[in-house]
Amino acid sequence: MTPVSTQKNIALVAHDHMKPALLNWAEKHKQELAQHKLVGTGTTGGLVAEKLNLPVTRFKSGPLGGDQQIGALIAEQKLDLLVFFWDPLNPAPHDPDVKALLRLCSVWNVPVACSEATADLIITSTLFNDPDYQRFIPSY
């Protein structure tokens, strides 16, 4: 078990058709997000930074390696939450990367929200901001 810091590293990612929904969600939760370190893939990271006027570390676009960069954060135990509004109705050419990213979240027990409802529940959870909460991290 690893103690969870109050300030967390949160990745914000969205497929093209889902970017408006993620931006809407992020704006509703700006106050909560402002307390954490934000990262994002390419365009999404830029849009979030602009919309919220908050710093966002931007990686490459998802299909150009950004998904793998976020995956590396997960594998290095440097990510506390992935908010990934992916488009289930429009397959992307980098679907294997997306599946790998979601798989890594499961392997390393990282909370992942793929919908607004799940993201709402995680970001407002009392456990999310509880410095005494310990997320189990498997030792492989």
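The model is predicted: local features need pLDDT of at least 70, side-chain atom pairs count only at pLDDT 80 or more, and totals for chains, interfaces and linings use all residues. Residues are numbered from 1 along each chain as its sequence is written, and side-chain values use heavy atoms, with hydrogens and water left out.

Start with the whole chain. Its secondary structure comes to six helices and seven strands. Helices (H or I, at least four residues) and strands (E, at least two) are DSSP runs, numbered from the N terminus. Read from that end, the order is β-β-α-α-β-α-β-α-β-α-β-α-β.

Next comes overall size. Along the principal axes, the C-alpha atoms fill a box of roughly 40 × 35 × 25 Å. The radius of gyration of the chain is 14 Å, which agrees with the value near 14 Å for a compact globule of 140 residues. That radius is taken over C-alpha atoms, and the globule rule is 2.2 Å times the number of residues to the power 0.38.

How much of the chain is buried? Buried residues make up 43% of the 140 residues. Buried means under 20% relative accessible area, exposed over 50%, and partly exposed in between (1.4 Å probe, protein chains only). The chain exposes about 7,500 Å², and carbon and sulfur atoms supply 55% of that area. Accessible areas come from the Shrake-Rupley method with a 1.4 Å probe; for residues, only the protein chains shown count as cover.

Contacts also span the sequence. Among those between residues at least 6 apart, 72% join residues at least 24 apart. A contact means heavy atoms within 4.5 Å.

Now turn to the pockets. A pocket is an open set of points on a 1 Å grid over the protein atoms alone, where a 1.4 Å probe fits, with protein on both sides within 12 Å along at least five of seven lines; lining residues have an atom within 4 Å of a point. Grid points are joined across faces, edges and corners, and a volume is the space filled by probe spheres set on the points.

The largest pocket holds about 280 Å³ of space. Its lining has 21 residues, and Ala14, His15, Asp16, Lys19 and His94 lie nearest its centre. Strand 2 (9-14) and helix 3 (42-52) are the elements that give two or more residues to this lining. Helix 3 gives the largest share, three residues. By class, the lining has seven nonpolar, ten polar and four charged residues. Here Ala, Val, Leu, Ile, Met, Phe, Trp, Tyr, Cys and Pro count as nonpolar, Asp, Glu, Lys and Arg as charged, and the others, Gly among them, as polar.

The second largest pocket has a volume of about 190 Å³. Eleven residues line it, with Pro111, Leu127, Phe128, Tyr133 and Arg135 nearest its centre. Six are nonpolar, two polar and three charged.

Three residues close the tour. Valine 107 is found in helix 5 (residues 95-107). Valine 107 counts as partly exposed because its relative accessibility is 23%. Not counting residues up to four places away in sequence, valine 107 touches Pro138 and Tyr140. Valine 107 and tyrosine 140 are 33 residues apart along the chain, and their C-alpha atoms are separated by 9.6 Å.

The other two sit in loops. Asparagine 53 lies between helix 3 and strand 4 (56-59). Asparagine 53 is not a glycine, yet has a positive phi of about 55 degrees. At 67% relative accessibility, asparagine 53 counts as exposed. Glutamine 77 lies in the loop between helix 4 (66-75) and strand 5 (81-85). Phi of glutamine 77 is also positive, near 60 degrees. Glutamine 77 is partly exposed, with a relative accessible area of 41%.
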